[in-house]
Amino acid sequence: MSALLETIARIRREVCDLHSELTRYELVVWTAGNVSARVPGYDLMVIKPSGVSYDELTPGLMVVTDLYGSPVTGISADSGGTPVEWTNPELSPSSDTAAHGYVYRHMPDVGGVVHTHSTYATAWAARGEAIPCVLTMMGDEFGGSIPVGPFALIGDDSIGRGIVETLQASHSPAVLMQNHGPFTIGKDARSAVKAAVMCEEVARTVHISRQLGEPLPIDPAKIESLYARYQNVYGR
């Protein structure tokens with residue numbers, strides 16, 4: 001049990017710290033957006049509380065839930081142990097918790113999920129338009145275009161279903177949920193944050209390119225080559 005408690009504490013710190021990256025790269029405003037991380041080996045995740053300002057976040061405010069979004073308020077160290085409080089009962093997990101949980105339940109290799117309303121990526125989502133792969137960095141990072149997921153309302157796991165259905169058929173760690181905004185995944189929360197940062201960068205660059213003229217497509221075979229090299233050779 002002590003190992004689990006140490007893991008929970010570490011992940012709460014990491015998830016808290018990673019929220020500062022969202023504000024650093026101007027991917028969120030006010031209290032919008034969230035980062036979550038899976039607790040390895042357990043059907044648990046850590047996610048941002050709902051409605052708390054980014055400058056007020058602390059590790060102790062990060063909410064621990066099961067993969068169905070139910071807050072975990074404690075656990076006994078043994079059959080007669082005292083529950084250890086993991087979450088503030090006055091705080092609710094993010095409104096996107098059900099979506100994150102669905103992703104974790106159906107994509108076991110995913111260790112982190114991020115949602116933002118970053119300006120350029122959300123503008124593409126508002127048009128329901130995929131970001132075409134016209135940059136080598138997109139080939140590297142996304143393995144092709146950044147796809148659009150279906151329109152879905154917040155409140156249940158509908159958004160999660162759309163994320164999973166879209167990304168299971170794509171190399172991309174990012175999806176633009178129609179009329180909503182980007183969601184990204186990664187092997188851990190930091191990787192998912194990186195994908196969110198890169199998604200906004202290419203959304204902005206491709207948008208600017210289209211103001212100047214029609215961007216040049218990249219041959220699909222070359223995209224696959226770029227992706228394979230970057231994912232399996234570069235930096236390894």
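**A close look at the salt bridges**

Analyst: Happy to! There are 8 salt bridges in the structure, a salt bridge being a side-chain nitrogen of Lys or Arg within 4 Å of a carboxyl oxygen of Asp or Glu. Please keep in mind that this is a predicted model, where local features need pLDDT of at least 70, side-chain atom pairs count only at pLDDT 80 or more, and totals for chains, interfaces and linings use all residues. Residues are numbered from 1 along each chain as its sequence is written, and side-chain values use heavy atoms, with hydrogens and water left out.

Let's begin in helix α1, which covers residues 2–24; helices (H or I, at least four residues) and strands (E, at least two) are DSSP runs, numbered from the N terminus. Here Arg-10 forms a salt bridge with Glu-14, with 3.1 Å between the closest N and O atoms. These two residues are 4 residues apart in the helix, about one turn. Arg-10 is partly exposed because its relative accessibility is 34%; the classes are buried under 20% relative accessible area, exposed over 50%, and partly exposed in between (1.4 Å probe, protein chains only). Glu-14, at 37%, is partly exposed as well.

Helix α1 also holds Arg-24 and Glu-21, whose side chains meet in a salt bridge at 3.1 Å, N to O. Because they are 3 residues apart in this helix, about one helical turn separates them. Arg-24 counts as exposed, at 55% relative accessibility, whereas Glu-21 counts as buried, at 18%.

Now to helix α6, residues 189–212. In this helix, Glu-201 and Arg-204 are 3 residues apart, so about one helical turn lies between them. Their salt bridge has its closest N and O atoms 3.2 Å apart. Glu-201 is partly exposed at 29% relative accessibility, and Arg-204 is partly exposed at 32%. Elsewhere, salt bridges that share partners join Arg-105, Asp-157 and Arg-161 into one network.

Helix α6 lies across β1 (34–39), β4 (112–115), β6 and β7, and runs at about 140° to β7; axes are lines fitted to C-alpha atoms, for helices over the stretch in contact (heavy atoms within 4.5 Å), and angles run from 0 to 180 degrees between N-to-C directions. Strands β6 (residues 174–177) and β7 (residues 181–186) pair in the antiparallel sense over 4 bridges, where pairing requires that DSSP finds at least two bridges between two strands.
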